[in-house]
Each structure stands twice: as structure tokens, then as C-alpha cells.
Amino acid sequence: MRYLLLLAVLLLSGCGTVKFTPTEYPLRDGLIAPMPVHGEVHVTNAQSRTGPVIVYSYSGSKLSSDLHSITEVMVQQTTKEIAKASIPADGSAKSIELKVNSLLSKYAGFHWNSHLSFEARLGNGEVVTMTVPHTSGLLAQDLNGCIAESVMKLLNEPRVRAYLAQ
């Protein structure tokens with residue numbers, strides 16, 4: 001009996017690493033204020049790192065993803081949110097190169113706290129760097145919601161809005 005109990009504890013504590021595939025967590029309308037956008041905007045993925053990174057680890061449970069995939073979700077959501085919020089006008093094409101440098105969620109007693117750090121290189125050469133926090137009662141929503149909240153913070157950033165309005 002004692003051996004079965006020990007085996008059960010070892011099996012449950014060493015569950016290993018599970019792959020986390022980031023997906024878009026939709027932002028409700030109005031979280032990104034309407035903005036003038038002069039010219040077409042191209043958002044691209046500048047993150048070349050495709051190796052696994054741990055995005056969550058607690059008590060033997062781990063989730064891994066890769067920074068390129070996380071950045072790609074942010075690129076796609078940024079593109080959609082620009083289309084939703086933009087007041088289009090003629091102008092020269094604009095570009096935003098996104099690069100997620102880290103995403104990590106930590107358990108904090110019945111909820112999770114995550115932080116996403118990213119860079120956005122604007123077509124005018126300016127680099128906007130942010131670390132965005134997020135909290136949720138569900139782990140997957142915390143990770144995906146942190147990506148969405150980062151998109152919201154990026155598109156409400158005055159420097160980004162001024163660039164898009166040029």
C-alpha cells in the first residue's frame with residue numbers, strides 16, 4: 001500500500017511539460033479608441049526564436065510555447081484591432097514590427113498573474129517597449145488575455161497613435 005501511495009505521488013508531481021498553443025482572446029468593442037490611420041498598416045512578426053519557452057510553472061506542472069507563435073497571435077490581433085478602430089485616410093504605408101520577448105504566468109492563490117514583455121518597432125524607427133500585466137481566474141485566459149491586453153496597450157499608446165496618424 002505504501003508503495004502504491006509513493007508511486008501515485010511521484011506520477012502526479014512529475015506531470016511534465018504540456019504544450020500551450022496561444023489563441024486570440026477577443027477584446028470587446030470600445031477598449032481601443034477610434035483613431036485616424038493614414039495609409040495601409042502592415043504588422044509583422046519580428047521574433048525569430050522558435051525554441052520552447054516555459055510560460056507557466058507551478059508545483060511540477062509546466063506549460064511551454066514559443067515566442068514566435070505568441071508574437072504571431074499578437075500580430076494577427078493587432079491587425080484586426082487596427083482595422084476595427086481605424087478611421088482610414090490617404091497616406092503613406094505604415095509598418096509595425098512586433099517581437100514578444102517573454103510571457104510568464106504565475107499562480108497567486110485562486111488566480112493567475114501574467115506579464116508579457118514586447119517591442120514594437122515603428123516604421124519611423126521608433127521602438128516602443130512595454131511590459132503588460134494581466135490577471136485572471138483561468139490559466140489559459142490569463143495567458144491569452146495578456147496577449148490581448150498587450151495589443152490594447154500598444155494601440156492606445158500615444159506614440160503609436162501619432163505614428164499611424166502621420
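Reader: Which residues form one aromatic cluster here?

Author: Y58, Y107 and W112 do. Keep in mind that this is a predicted model, where local features need pLDDT of at least 70, side-chain atom pairs count only at pLDDT 80 or more, and totals for chains, interfaces and linings use all residues. Residues are numbered from 1 along each chain as its sequence is written, and side-chain values use heavy atoms, with hydrogens and water left out.

Reader: OK, how many aromatic pairs does the structure hold?

Author: Two. Rings of Phe, Tyr and Trp (its six-membered ring) pair if their centres lie within 6.5 Å; planes under 30 degrees apart are stacked, over 60 edge-to-face and the rest tilted.

Reader: Why is the Y58 and Y107 pair called tilted?

Author: The ring planes of Y58 and Y107 are at 50°, so the pair counts as tilted, and the ring centres are 4.9 Å apart.

Reader: Switching to helices: how do the axes of helix 2 and helix 3 cross?

Author: Helix 2 (residues 67-85) and helix 3 (residues 139-156) cross at roughly 50°, their axes coming within 9 Å. Axes are lines fitted to C-alpha atoms, for helices over the stretch in contact, with angles from 0 to 180 degrees between N-to-C directions. Helices (H or I, at least four residues) are DSSP runs, numbered from the N terminus.

Conventions:
Helices (H or I, at least four residues) and strands (E, at least two) are DSSP runs, numbered from the N terminus.
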